[in-house]
Amino acid sequence: MYCPNCGKKNDLDALFCENCGARLILPTSSSAAPRSAASSATTRATSENAASRADTHSAADVDDHTTRAAQSDSSAGVENTVDDTDDTVAPTTRSAQHAQQSPRPPHRGLPALLLALIVIVLVGGGYYWFSHNSANTDSTTTATSSSSTATKSSSSSSAASTQSSSSSTTKTAAKWSTAKMSELSSFMATWQDTMNQSYAGTYDGQSVSVDGLDLPTDIRDNNYQDKITVNGNAVKLTWTTKANKDANYQVVAAAAYQHGTQVIIYLYVFHDGSPDVLVSQDTNTTYNFTSSANTDLQNGFAKIANAD
C-alpha cells in the first residue's frame, strides 16, 4: 500500500505511513479501487518529480520541498479518498449537501390552514347553536302563548258551563210520580187499618181541611206562613208532584186524621233530597211539624220514594 502523502510503500495492514506518519486509508469497495490506483499513480508521479528535482537542490531542500508538495497534492486526494470510501454517494453541489444535511422544515402553511378550519367550524357551530336556540325559544313562547290562550278559553267554557249548571239546578231529576202516588195510597190504606185510624189524603185526590188549614191549596198558593212551622221555625214549603225543585222542603202529599179534638196531620216531603214524614198533633190554628217517630210510616214512604 502506498502512502497517499509521500508515496512510500507500506504493508497492506499498516495504519500509518512508515515514512511520514500519515494515516493510511484502506479501500472499502470495488468502486474505490480505481480511484485509489489513480491516487497511487499520482503519488508515484509526484515522487518521481520530487526525485528529479533533487539533482538541482540539496537533499534537505529537496526533501522539504517534496514533502510540502506531496502534502499539498495529497490532501485533496485524501479528501476524495475519504469521500469515495463512504457507502453513500456524496452530493455533487453545496445546495444538495445542505439539503441532505439540514432536514426540511415542516410546511408553515399547514398550521395556518388548520387554524382557519378550526375558526370556521367554531363560527359555524356557534351560528347554528344560536339560530337553533332562538328557534326553540320562539317555539316555546308560541306554545306557552297557545297554552295560555287555551287555558283561558277552557276557563271561560268552564265558567259558562258552571253558570249554566247553576241555572239548571233549580230543577233536578224527578223523585216522585203518579205511580208512586198510587203506591202511597195503597200503603196508607193498609197502614191506617193497622193504626185503627181513618185518614183523608191527597194521594186519594181528597182535600185535607182542618181548623184554619186547607191543603194543598194553602201551600200551593203560598198562604201557609202564619199556619205552619217546622221544628219551631218558619220554613219555605213547595208543593210539587215530581219533587224536582230546588227547595229545602218539597211536599208531595198530605193526610189528616181528626177525631173530636184530636187532630193528626202528616206531610210527605223531600227534605234536602231525602224522604221524610212530618207530623203535627196541635189543636190550634198554628201547626208545628216534626219528623214522625213511627218507623213503619217512615220506612214505608222511604221505600216508595227511593224506588226506581
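**Entry 1: Thr 229**

Where is Thr 229 found? I looked it up in this predicted model, and Thr 229 is in strand 4. Next I asked myself: is Thr 229 buried or exposed? Its relative accessible area is 17%, and buried means under 20%, so Thr 229 counts as buried.

Then I checked its neighbours. Leaving aside residues up to four places away in sequence, Thr 229 touches Ala 234, Tyr 287, Asn 288 and Phe 289. With Asn 288 there is also a polar contact between the side chains, at 2.7 Å.

**Entry 2: the whole chain**

I stepped back to look at the chain as a whole. I have 308 residues here, and 27% of them are buried. The secondary structure comes to 7 helices and 9 strands. I noted an accessible surface of about 20000 Å², with 53% of it belonging to carbon and sulfur atoms. For contacts between residues at least 6 apart in sequence, 46% join residues at least 24 apart.

**Entry 3: the annotated stretch**

An unreviewed UniProt entry gives residues 2-24 the annotation "domain: Zinc-ribbon". In the model, this span is 0% helix and 0% strand. Its end C-alpha atoms are 8 Å apart.

Most peptide bonds are trans, and most residues other than glycine have a negative phi. I went looking for exceptions.

Which peptide bond is cis, with omega near 5°? I found the one from Leu 215 to Pro 216. Pro 216 sits in the loop between strand 3 (213-215) and helix 6 (217-220).

For positive phi, I wrote down two asparagines. Asn 222 has phi near 60° and lies in the loop between helix 6 and strand 4 (228-230). Asn 222 counts as partly exposed because its relative accessibility is 38%. Asn 231 has a positive phi of about 55°, and I found it in the loop between strand 4 and strand 5 (237-239). At 52% relative accessibility, Asn 231 counts as exposed.

**Entry 4: salt bridge**

How many salt bridges does a search of the whole structure find? The search gives 1. I tracked it to the side chains of Lys 227 and Asp 218, at 3.0 Å from N to O. Asp 218 is buried, with a relative accessible area of 8%, whereas Lys 227 is partly exposed at 21%.

**Entry 5: Trp 239**

I moved on to strand 5, where Trp 239 lies. Trp 239 has a relative accessible area of 15%, so I put it down as buried. What does Trp 239 touch, not counting residues up to four places away in sequence? My list is Thr 202, Pro 216, Ile 219, Arg 220, Val 251, Val 252, Ala 253 and Ala 254.

**Entry 6: Met 181**

Met 181 is in helix 5. It counts as buried because its relative accessibility is 16%. Beyond residues up to four places away in sequence, Met 181 touches Trp 176, Tyr 203, Val 252 and Ala 253. Met 181 and Ala 253 are 72 residues apart in sequence, but their C-alpha atoms are 8.1 Å apart in space.

**Entry 7: helix 7**

Last stop: residues 295-306, which form helix 7. At 1.5 Å a residue, the 12 residues should span 16 Å, and the end C-alpha atoms are 16 Å apart, so the two agree.

At the start of the helix, a side-chain oxygen of Asn 294 reaches to within 3.1 Å of the backbone nitrogen of Asp 296. Which residues of helix 7 are buried? I wrote down Leu 297, Gln 298, Gly 300, Phe 301, Ala 302, Ile 304 and Ala 305. An α-helix has 3.6 residues a turn, so residues three or four places apart point the same way. I kept that in mind while reading the list.

The partners are helix 5 (178-195) and strands 6 (249-259), 7 (262-271), 8 (274-280) and 9 (287-291). Helix 5, one of those partners, is where I found Met 181.

Definitions and conventions
Residues are numbered from 1 along each chain as its sequence is written. This is a predicted model: local features need pLDDT of at least 70, side-chain atom pairs count only at pLDDT 80 or more; totals for chains, interfaces and linings use all residues. Side-chain values use heavy atoms; hydrogens and water are left out. Helices (H or I, at least four residues) and strands (E, at least two) are DSSP runs, numbered from the N terminus. Buried means under 20% relative accessible area, exposed over 50%, partly exposed in between (1.4 Å probe, protein chains only). Contact means heavy atoms within 4.5 Å. Accessible areas come from the Shrake-Rupley method with a 1.4 Å probe; for residues, only the protein chains shown count as cover. The expected span of a helix is 1.5 Å times one less than its number of residues. A polar contact is a pair of N or O atoms within 3.5 Å; within protein, one must be able to donate a hydrogen and the other to accept it, and residues adjacent in sequence count only if both atoms are side-chain atoms. A salt bridge is a side-chain nitrogen of Lys or Arg within 4 Å of a carboxyl oxygen of Asp or Glu. UniProt positions are given in the numbering used here, feature names are shortened, and annotations may be inferred rather than shown by experiment.
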